[in-house]
Amino acid sequence: MAVTLLACLMLAACATTPPDPRVLDNARIAIERAENAGAIDHAPLELRLASRRLAVAEEELEKGNRLGARHLADQAEIEAQLALARTRAALTRLRLQERQAAYEAFKAELIELYGEEVLQ
């Protein structure tokens, strides 16, 4: 009987423990990193999806569904990481285009100064 009473008390303690909001921290940090990198301009769809999933995860956590909240937060984190990766790729493409344009301008200037044979 004492064991049953102890088990009931332990279950009651678990049921009244509020869910830990830190379970969502990794997703929040990943979204913030993506935003700071420029995902709003370069990966808005992925960033929006991550933010929406985080909002739903917050709702699930408030309902006490810690496992569901954790699952959604993990998905939000992955989507935010994808937004960050796509942003970095877009920024790299832009830098490459700028460098290619500078190269072409330099090449044209060399041809103007020294003729076509400078390229050989």
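**Helix H5 and its partners**

H4 and H5 pack at an angle of about 165°, and their axes lie 8 Å apart. That angle is over 145°, so H4 runs roughly antiparallel to H5. In passing H5, H4 makes a left-handed crossing. Please keep in mind that this is a predicted model.

Which residues make the contact between H4 and H5? From H4 come Glu46, Leu47, Leu49, Ala50, Arg53, Leu54, Val56, Ala57, Glu60 and Leu61. From H5 come Arg66, Gly68, Ala69, Leu72, Ala73, Gln75, Ala76, Glu79, Ala80, Leu82, Ala83 and Arg86.

Side chains of opposite charge can pair when their charged atoms come close. The structure holds 7 salt bridges, and one of them joins Arg86 to Glu46, with the closest N and O atoms 2.3 Å apart. Arg86 sits in helix H5 while Glu46 belongs to helix H4 (residues 44-62), so this pair ties together parts that are 40 residues apart in sequence.

Another salt bridge pairs Arg53 with Glu79, and here the closest N and O atoms are 2.8 Å apart. This pair also links distant parts of the chain: Arg53 is in helix H4 and Glu79 in helix H5, 26 residues apart. Arg53 has a relative accessibility of 31% and counts as partly exposed. Glu79, in contrast, is buried, its relative accessible area being 14%.

Asp74 pairs with Arg70, and their closest N and O atoms are 3.8 Å apart. The two residues are 4 residues apart in helix H5, which means that about one helical turn separates them. Asp74 counts as partly exposed at 31% relative accessibility, and Arg70 is partly exposed too, at 33%. Elsewhere, salt bridges that share partners join Asp25, Arg28 and Glu58 into one network.

Now let's turn to another neighbour of H5. Helix H2 (residues 25-37) packs against helix H5 (residues 66-114) at an angle of about 20°, and their axes are 8 Å apart. Because angles under 35° count as roughly parallel, H2 and H5 are described as roughly parallel to each other. Their crossing is left-handed. On the H2 side, the contact involves Asn26, Ala27, Ala30, Ile31, Arg33, Ala34 and Ala37. These meet Ala73, Ala76, Glu77, Ala80, Ala83, Leu84, Thr87 and Leu91 in H5. The residues of the contact of H2 with H5 divide into 11 nonpolar, 2 polar and 2 charged.

Definitions and conventions:
Residues numbered from 1 in each chain as written. Predicted model: local features only at pLDDT ≥ 70, side-chain atom pairs only at ≥ 80, totals over all residues. Heavy atoms only, no water. Axes fitted to C-alpha atoms, helices over the stretch in contact; angles between N-to-C directions. Parallel < 35°, antiparallel > 145°, perpendicular 65-115°, else oblique. Left-handed = near helix turned anticlockwise from the far one by under 90°. Contact = heavy atoms within 4.5 Å. Nonpolar A, V, L, I, M, F, W, Y, C, P; charged D, E, K, R; others polar. Salt bridge = Lys/Arg side-chain N within 4 Å of Asp/Glu carboxyl O. Buried < 20%, exposed > 50% of the residue type's maximum accessible area, 1.4 Å probe, protein only.
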